[in-house]
Amino acid sequence: MAAWPVRLEATLPDGGALVLRGLRRRDRTQWLELRRTSWDWLKEWEPTFPHAGQQPKPFPEYIRHQAREARAGRQLPFAVEVDGRLCGAVNLSQIMEGALWGATAGYWCAPTHAGRGIVPLALATACDYAVGERGLHRIEVNIRPDNTKSLAVVRKLDFRDEGLRERYLHIDGAWRDHRTFALTTEDLGGGTFADRLTRA
């Protein structure tokens, strides 16, 4: 079983304290309010269910599911906290071992916290943990071609563009094309994901 919960810390360019951690039961009110107030900003990019009758998990079940997946080594589901307040998430999911040793990363941030460099640093911090502590070899990110804010994140970290996947994920009610971006440990050249931010 994988180590979980995990708490990671970093400092934002403006001095803010960034924390990555698992969601807890007592986060319910703050988390649901954050999702509600951010929905207009996020809904265009949010995964949706392709089949009738599928529903999001209630919050208690959602965090239990995340914890189970994390302990099983299949996911690293980090809530993002800045200066003691939740503001988004970075999730490394579909963690595969065997011949791949890779994961897929997703992320979001509330509009109230945009523009501070939170997501690039949170993604870099999570990826450095996945590579350094979990031994992963490859991290990929899949982004809709018109999601300019998300594309800016992978550009800051200099992820490699691997091309278009047609109708790849069900987003905002339909199957959407995505571009795949990736980095492997060879790309890091002995450095870290965070190092790449300092060169941006």
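This is a predicted model: local features need pLDDT of at least 70, side-chain atom pairs count only at pLDDT 80 or more; totals for chains, interfaces and linings use all residues.

User: How many aromatic pairs does a search of the whole structure find?
Analyst: The search, run over the whole structure, gives three aromatic pairs. In one of them, Phe-159 and Phe-193 have ring centres 6.1 Å apart and planes at 40°, so this pair is classed as tilted.

User: Where do Phe-159 and Phe-193 lie?
Analyst: Phe-159 belongs to the loop between helix 4 (148–156) and strand 7 (160–171), while Phe-193 is in helix 6 (residues 193–199), so the pair ties together parts that are 34 residues apart in sequence.

User: And are Phe-159 and Phe-193 buried or exposed?
Analyst: Both Phe-159 and Phe-193 are buried.

User: What sits over the ring of Trp-108?
Analyst: That is the charged end of Arg-35, which is placed 4.7 Å from the centre of the Trp-108 ring.

User: Switching to the backbone, which peptide bond is cis, with omega near 10°?
Analyst: It is the bond from Trp-4 to Pro-5, and Pro-5 is located in the segment before strand 1 (8–11). As background, most peptide bonds are trans, and most residues other than glycine have a negative phi.

User: What about phi of Asp-83 and Gln-94?
Analyst: Asp-83, in the loop between strand 3 (76–82) and strand 4 (85–96), has a positive phi near 50°. Gln-94 also has a positive phi near 50°, but Gln-94 is found in strand 4.

User: Why does Gln-94 count as exposed?
Analyst: Gln-94 counts as exposed because its relative accessibility is 52%, and the cut-off for exposed is over 50%.

Technical notes. Residues are numbered from 1 along each chain as its sequence is written. Side-chain values use heavy atoms; hydrogens and water are left out. Rings of Phe, Tyr and Trp (its six-membered ring) pair if their centres lie within 6.5 Å; planes under 30 degrees apart count as stacked, over 60 as edge-to-face and the rest as tilted. Helices (H or I, at least four residues) and strands (E, at least two) are DSSP runs, numbered from the N terminus. Buried means under 20% relative accessible area, exposed over 50%, partly exposed in between (1.4 Å probe, protein chains only). A charge sits over a ring if NZ of Lys or CZ of Arg is within 6 Å of the ring centre and within 35 degrees of the ring normal.
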